[in-house]
Amino acid sequence: MSAVLSQTPAATKPQRSEGVWVASWRRMKADKVGMVCMTIVGLFLLLVLASGSGLIAKNWQKEVGVPNAPPTLLGPAPAEATGAIVAPKGPNVDLSDIDPLAPRYKEWDERAKQFKTEEVVKAETLPFGGDRLGRDVLSKAIKGAEVSIMVGVLAAVVATIIGTVLGAISGFFGGKAGDFLEWLYNVFTAIPSILLIFAFAVIFGRGVLSVVMILGLAGWPGIYRLIRAEFMKHSVREYVRSAEAIGASKMSRMFKHILPNVSHVALVQLSLHVVGFIKSEVILSYLGLGVGVDQVSWGTMLAESQSELILGYWWQLAAVTAFMAVFVTAFALFTDALRDALDPKLRGLE
């Protein structure tokens, strides 16, 4: 009997249930497509960090090849196709009898050699080809990924912060504050998104920070609507009422009790907006309203490749299209997997 009693406490000891984030990660790992896409997105982010730190693509503006250098697989282009001028061969003609300055040519040539720079030999082919100035398309695509992805992520963060804060205030407090924010939401949603983006582009001008502010200010209404609904639903639940009964302040109830329970909505919306904002940045830069002229993004590369494609130089268009298609597709599928993993209905909590 004593042996049985001694084993009873260990046998009846309750096991601690797994947390919300642990359960979400377990569900995420079960999604093979989601894990592959997350790996691809992670590799792109590492590429962006390496480019931002100067480890790769730091000399993207350097003309390392001949103009419109073809990809290595295609081999060098014929001399007549490059438009190169071939200097005539043979000895120089003696002009001393008809040119009075001819005796001084040798002296001037010796002086010029003191200031003559060393001529850099340019490559006839590049791994992904070159643009019209001879810049490496692969380096430009990596640097463009840094700018476009950074703009998309930062703009999504700005839009998520604005939408979450305003949605929390409107959904929790209501009243006049809620009415004003609802009026502001209706004003922003009444204007087509593309026109709103163009209007902000005229106000803020060009540049990376300007594009981030443009997209952030134009993209918060959708997040605001979802967060407002979640706060209205959670503000009347028992755990929030209990926190109010023990003296928790309104800010504590909003951001310490309710916000952690609706954070999955904000996180999913953040991921969804990244893809949309990258596309918007590409459109703005393609139209000349995005990043500055001294910077490169996927949009500026598409704009440059338009004139090159007419002449038959397709490799810059192919490179930027491949980079953009892989990242956007992988990020979209990763977002779908993340939404399924964080959905509380799938966890049986609602």
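Helix H9 has a kink of about 40° at Trp-220, shortly before the proline Pro-221. The model is predicted. H9 covers residues 208-234, and its neighbour H8 covers residues 193-204.

**Helix H9**
- H9 has 27 residues.
- From first C-alpha to last, H9 reaches 37 Å, close to the 39 Å expected at 1.5 Å a residue.

**H8 against H9**
- The axes of H8 and H9 are 9 Å apart, and the two helices pack at an angle of about 145°.
- The crossing of H8 past H9 is right-handed.
- On the H8 side, the contact is made by Leu-196, Ile-197, Phe-200, Ala-201 and Phe-204.
- H9 contributes Ser-210, Met-213, Ile-214, Leu-215, Leu-217 and Ala-218.
- This contact has ten nonpolar residues, one polar residue and no charged residues.

**H12 against H13**
- Helix H12 (residues 298-310) and helix H13 (residues 315-342) have axes that come within 8 Å and cross at roughly 145°.
- H12 passes H13 in a left-handed crossing.
- Contact residues of H12 include Trp-298, Met-301 and Leu-302, and those of H13 include Phe-323, Met-324 and Phe-327.
- By class, nine residues in this contact are nonpolar, three are polar and two are charged.

**Annotated transmembrane regions**
- An unreviewed UniProt entry places the feature "transmembrane region" at residues 33-57, 147-171, 183-203, 209-227 and 313-335.
- Residues 147-171 are 100% helix and 0% strand, with end C-alpha atoms 35 Å apart.
- Residues 313-335 are 91% helix and 0% strand, and their end C-alpha atoms lie 35 Å apart.

How values were computed. Residues are numbered from 1 along each chain as its sequence is written. This is a predicted model: local features need pLDDT of at least 70, side-chain atom pairs count only at pLDDT 80 or more; totals for chains, interfaces and linings use all residues. Side-chain values use heavy atoms; hydrogens and water are left out. Axes are lines fitted to C-alpha atoms, for helices over the stretch in contact, and angles run from 0 to 180 degrees between N-to-C directions. Helices (H or I, at least four residues) and strands (E, at least two) are DSSP runs, numbered from the N terminus. A crossing is left-handed if the near helix is turned anticlockwise from the far one by less than a right angle, and right-handed if clockwise. Contact means heavy atoms within 4.5 Å. Ala, Val, Leu, Ile, Met, Phe, Trp, Tyr, Cys and Pro count as nonpolar, Asp, Glu, Lys and Arg as charged, and the others, Gly among them, as polar. UniProt positions are given in the numbering used here, feature names are shortened, and annotations may be inferred rather than shown by experiment. The expected span of a helix is 1.5 Å times one less than its number of residues. The bend at a residue is the angle between axes fitted to the seven residues ending there and the seven starting there.
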